[in-house]
Amino acid sequence: MRRDETLASVRLERLQKTFRGTRVLAGIDLTIEDGEFVTFVGPSGSGKSTLMNIMAGLEEPTHGRVWIDGTDVTNETPKNRGVAMVFQSYALYPHMTVRKNLAFPLEIAKMNAREIEARVVETANRLGIGALLERKPKELSGGQRQRVALGRALVRRPRLCLFDEPLSNLDAALRTQMRGELKKLHEDLKATFIYVTHDQAEAMTLSDRVVVLNAGVIEQVASPRDLYCNPKNLFVARFVGSPQINIATPETFGLCAPAEALSLAGQSVLAAVRPENVRALHHCPRPNAANAANAIEGRVYIVEPMGGETWVTIDMIGDVGTTRITARAEADFAARSGSRVWLDIDESRVLWFNAKTHERV
């Protein structure tokens, strides 16, 4: 018998999916361990939801296998996979109370009434909705409805929990709150969570590992920190991070590419640097300053005060046209559009990519 029946490992083996001749998934291989929180991210059409539906048994793969705890479940129905799924829409029964909504999947499973009540109360209390059991969905806020939807999935004590953009209908403040509650819930349950989102902030704050998808292919699988600091290619570098990473020729940044990078990339490289590693200055550093060598001039395009800091979008005018980059500045930084500004780049934080293949070098 398993140590904990709420845990489940998942293995995806050469998964492919084609719709009407269009390839949606192109040979996905991935293993998710017991108790992990793994998030799938990627642009629209990258295959995130399709992959989720195949794991849940809602869609069949064109090719490949799905394994849960070493068992091939590719041809199993959803109800036989021990999987619970939470969708973007709450999908609650409007005529039922919260208690009835939570109890319904257990009643379908023909569990005895005493056990049903115990599980409903335990789940509701865990999610902070114990006082709402006699209310109907129309009497609840959006956040409360989402908790009920989570509870209806978790009350079954599933082996695997799948979440398909469950917070996207909530406003920004509530989404941030629910994000924290979801992470704490995962820590408490120690269950296996697989999560799909278009919101990279959710992916970065919730996950043990993040899977970046692009056109049905896995671009990179890594921890949030490693994904941010060590992107495998330019697609991942651009996709992760807000504001988006700055990418330009070394000359634009006033940099000289390392000889090793030039050698590996066949003498053609691009430099990439996160906005927080570029400092916008009103005045050029003194000639004898340690950081003067990397200070280059640009023109302010727009200034965006963010409270504790300021983001400055800057136009760099070069021989091949204008390159627009983003830099960090002090909270009280103020400049009109078109004003001269200098950039100080932390050269130790620059990432180098092959200009032709876009792979990291």
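Which residues have the most contacts inside the largest nonpolar core? Select Leu102, Ile129, Phe163 and Leu182: they hold that place in a core of 35 residues. A nonpolar core here is a set of buried Ala, Val, Leu, Ile, Met, Phe, Trp, Tyr and Cys residues joined through side-chain atoms within 4.5 Å. Buried means under 20% relative accessible area, exposed over 50%, and partly exposed in between (1.4 Å probe, protein chains only).

The model is predicted: local features need pLDDT of at least 70, side-chain atom pairs count only at pLDDT 80 or more, and totals for chains, interfaces and linings use all residues. Residues are numbered from 1 along each chain as its sequence is written, and side-chain values use heavy atoms, with hydrogens and water left out.

Next, colour the elements that give two or more residues to the 35-residue core. They are strand E6 (83-86), H2, helix H3 (113-126), H4, strand E7 (160-164), helix H5 (172-189) and strand E8 (193-196). H4 gives the most, with five residues. Helices (H or I, at least four residues) and strands (E, at least two) are DSSP runs, numbered from the N terminus.

A second, separate core has 27 residues, including Val83, Met85, Leu160 and Val211.

Now show helix H2 (residues 98-108) with helix H4 (residues 142-154). Their axes come within 8 Å and cross at roughly 25°; axes are lines fitted to C-alpha atoms, for helices over the stretch in contact, and angles run from 0 to 180 degrees between N-to-C directions. H2 and H4 are therefore roughly parallel to each other (angles under 35 degrees count as roughly parallel, over 145 as roughly antiparallel, 65 to 115 as roughly perpendicular and the rest as oblique).

For the side chains, pick Val98, Asn101, Leu102 and Pro105 in H2, which meet Val148, Gly151 and Arg152 in H4. Contact means heavy atoms within 4.5 Å.

Stay on H2 and select its buried residues, Val98, Asn101, Leu102, Ala103 and Leu106. These pack against H3 and H4. Centre on Leu102: beyond four places in sequence, Leu102 touches Val120, Ala124, Ile129, Leu133, Val148, Gly151, Arg152 and Val155. Lys110, which follows H2, has a positive phi, near 60°.

Last, go to Arg209 in strand E9 (residues 209-214). At 23% relative accessibility, Arg209 counts as partly exposed. Leaving aside neighbours within four places in sequence, Arg209 is in contact with Thr31, Ile32, Glu36, Phe37, Val38, Thr39, Val221, Ala222 and Ser223.
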